[in-house]
Amino acid sequence: MSDCIFCKIAAGGIPAKIAYEDDLVLAFHDIDPKAPTHILIIPKEHIVSAADINAENSAAAAKCLEAAAKLAAELGLADGFRLVSNCGDSAGQSVKHLHFHLLAGRDFMWPPG
């Protein structure tokens, strides 16, 4: 989508600090981190949210989870990490492009606020 900021980042039109990239996935550091480690993992294909994952695009969503595991291992997050995907306005999804927040480096509470 031409007006999607994450699509623009994936296409190289907006610079980002890249943490991981393959043919289906891009991971980059969040510009407003909520933890010492805060990486956004997105499919390069525009998928609005987790509610829009289907048989045609589920491979890209699965590759995001594979990228999260790979990044966690590479970053030495053996103590744990949180992986979050907000779905819809009431859940706090601010960018309408499927993305996962990989958060680590501090203790987290449950339930989140």
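With which residues is Phe81 in contact, leaving aside its neighbours within four places in sequence? In this predicted model, the partners are Ala72, Leu102, Leu103 and Ala104. Phe81 itself lies in the loop between α2 and β4 (82-84). The relative accessible area of Phe81 is 37%. That value falls between the 20% limit for buried and the 50% limit for exposed, so Phe81 counts as partly exposed. Ile47 is 34 residues away from Phe81 in sequence. In space, the two C-alpha atoms are 24 Å apart.

The overall fold was examined next. The protein chain contains two helices and five strands. Their order along the sequence is α-β-β-β-α-β-β. The C-alpha trace spans about 35 × 30 × 25 Å along its principal axes. The radius of gyration is 14 Å. A compact globule of 113 residues would have a value near 13 Å, so the chain agrees with that expectation. Of the contacts with a separation of 6 or more, 53% join residues 24 or more positions apart.

The accessible surface of the protein chain comes to about 6600 Å². Carbon and sulfur atoms account for 56% of this surface. Buried residues make up 37% of the 113 residues. The chain carries 9 positive and 14 negative side chains. The centres of these two sets lie 5 Å apart.

Nonpolar side chains tend to be buried together in soluble globular proteins. In the present model, the largest nonpolar core has 15 residues. Tyr20, Val25, Ala27, Ile39, Ile41 and Leu71 have the most contacts inside this core. Helix α2 gives the most, with six residues. A second, separate core has ten residues, among them Cys4, Phe6, Cys7 and Ile9.

Cys7, a member of the second core, sits in helix α1 (residues 5-10). The relative accessible area of Cys7 is 13%. Because the limit for buried is under 20%, Cys7 is classed as buried. Cys7 and Pro43 are 36 residues apart in sequence. Their C-alpha atoms are 9.1 Å apart in space.

Gly13 occupies the loop between α1 and β1 (18-21). With a relative accessible area of 63%, and with the limit for exposed set at over 50%, Gly13 is therefore exposed. Ala67 is 54 residues from Gly13 in sequence. The C-alpha distance between Gly13 and Ala67 is 22 Å.

One backbone feature remains. Most peptide bonds are trans. The bond from Trp110 to Pro111, however, is cis, with omega near 0°. Pro111 is placed in the segment after β5.

Conventions. Residues are numbered from 1 along each chain as its sequence is written. This is a predicted model: local features need pLDDT of at least 70, side-chain atom pairs count only at pLDDT 80 or more; totals for chains, interfaces and linings use all residues. Side-chain values use heavy atoms; hydrogens and water are left out. Helices (H or I, at least four residues) and strands (E, at least two) are DSSP runs, numbered from the N terminus. The radius of gyration is taken over C-alpha atoms; the globule rule is 2.2 Å times the number of residues to the power 0.38. Buried means under 20% relative accessible area, exposed over 50%, partly exposed in between (1.4 Å probe, protein chains only). Contact means heavy atoms within 4.5 Å. Accessible areas come from the Shrake-Rupley method with a 1.4 Å probe; for residues, only the protein chains shown count as cover. Lys and Arg count as positive and Asp and Glu as negative; His and the chain ends are not counted. The place of a charge is taken as NZ of Lys, CZ of Arg, CG of Asp or CD of Glu. A nonpolar core is a set of buried Ala, Val, Leu, Ile, Met, Phe, Trp, Tyr and Cys residues joined through side-chain atoms within 4.5 Å.
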